[in-house]
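The structure is shown here.

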Amino acid sequence: MSQRLLSVAVSAAISAFPAVSQAHYEGGRVDSHAPISVMGDHTHAKGEWMLSYRYMGMAMSGAKSGSESLSTNEAFAEIPGMGPMNMKALPYDMTMEMHMLGAMYAPTDNLTLLAMLPYTTNEMTTKTRMTMMMNTMEGEFDTETSGIGDASLGGLYKFYDQDGYRLHLNLVVGLPTGSIEEEDFIPMAGRELQLPYPMQLGSGSYEARPGITLNKQYASWSWGAQASAKIALDENDQGYKLGSRKYLTAWAAKPLSPWASVSLAAYKSWWSDIQGEAEDLTISPMMNPAADPEAKGGQRLDIGVGLNLLGKNGALKGHRLAMEYKAPVQESLHGIQMETDYTFTVGWQKAFK
């Protein structure tokens, strides 16, 4: 069903614009870059640099199992609980913010090198429920983590550039620079404990991040597609590795003027459960589903609407400002997890020689 929705969204976007061929791919057009949420979407000419900054905010709330949304009572009913007081904890609200610095350099016309470093902040609200002597006590507490996430290093290799088409390989490695041992105070335990997987800042593993990206320009519009993945190459120091993550993205963009374009994109993602479990995580999955490595998989289809701006004159010449809002239209999760509400990304880019 989700694959058909993706095809329909892309087909509708493409059919909305006339297909007048573009003889050569123009990297200076306002729509020559993909929506700002897409990483590694374009290459550069020999000797060109590009610096970039992105801010991404993501909100999650509520509870979901499979494709069904759960009320608080329904979610608590599915958590087994721990101890004589039948203690239960339900992650119910979470925000993730990421600041990403990026740099690209092209030593040749076909090869563009890249490096990215994120700084991440996670905040989570967890509801609690305990029962003793037929009395039920409820509460909630907040936890927060922040710091450097996993860096990325690699290159984009362009191997086709004709008739308005550009096709390149994404050859990137993820480095385990983000912490996987973040702690915070847990009221139910009365002390600081290592936090569950969603609150950690990195994967702890080296990752292969392969992909392939296609861009196509016409005289009055453009489209693109990207298939990519993140695959953990080793078990981390805590004794687990994140499940594989696969992404399929397609977009269409329409210039409104030489300095502004709008875009419509479809983002399909699949992610597997965690393999193994964190050795120092003392929070039991029987009490809190966020600590369950087998309740981390799922799939989601997001639709994004974006705006790209390109400075053409004066001090703003060559500066790009872009933003995109994404919201899920379909989501299915393994076990009890929070639902995704939205993702918002805004970014700045500047290329120079």
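## Salt bridges

D161 and K158 are joined through their side chains by a salt bridge, with N and O 3.3 Å apart. D161 is partly exposed at 33% relative accessibility, whereas K158, at 10%, is buried. Salt bridges with shared partners also tie K64, R300, D302, E331 and E339 into one network. The model, which is predicted, has 11 salt bridges by the rule applied.

K64 has a relative accessible area of 8% and counts as buried because the cut-off is under 20%. E339 is buried as well, at 19%.

## A pair between strands 4 and 5

E140 and K127 form a salt bridge with an N to O distance of 3.9 Å. E140 sits in strand 5 (residues 135–148) and K127 in strand 4 (residues 111–132), 13 residues apart. E140 is exposed at 53% relative accessibility, while K127 is partly exposed at 22%.

## Largest pocket

The largest pocket holds about 400 Å³ of space. It is lined by 25 residues, of which G27, G28, H33, E48 and A351 are the closest to its centre. Strand 7 (165–175) and strand 17 (319–352) are the elements that supply two or more lining residues. Strand 17 contributes the most, with 4 residues.

By class, the lining comprises 12 polar, 8 charged and 5 nonpolar residues.

Methods
Residues are numbered from 1 along each chain as its sequence is written. This is a predicted model: local features need pLDDT of at least 70, side-chain atom pairs count only at pLDDT 80 or more; totals for chains, interfaces and linings use all residues. Side-chain values use heavy atoms; hydrogens and water are left out. On a 1 Å grid over the protein atoms alone, a cavity is a set of points where a 1.4 Å probe fits but cannot get out, and a pocket is an open set with protein on both sides within 12 Å along at least five of seven lines; lining residues have an atom within 4 Å of a point. Grid points are joined across faces, edges and corners, and a volume is the space filled by probe spheres set on the points. Ala, Val, Leu, Ile, Met, Phe, Trp, Tyr, Cys and Pro count as nonpolar, Asp, Glu, Lys and Arg as charged, and the others, Gly among them, as polar. A salt bridge is a side-chain nitrogen of Lys or Arg within 4 Å of a carboxyl oxygen of Asp or Glu. Buried means under 20% relative accessible area, exposed over 50%, partly exposed in between (1.4 Å probe, protein chains only).
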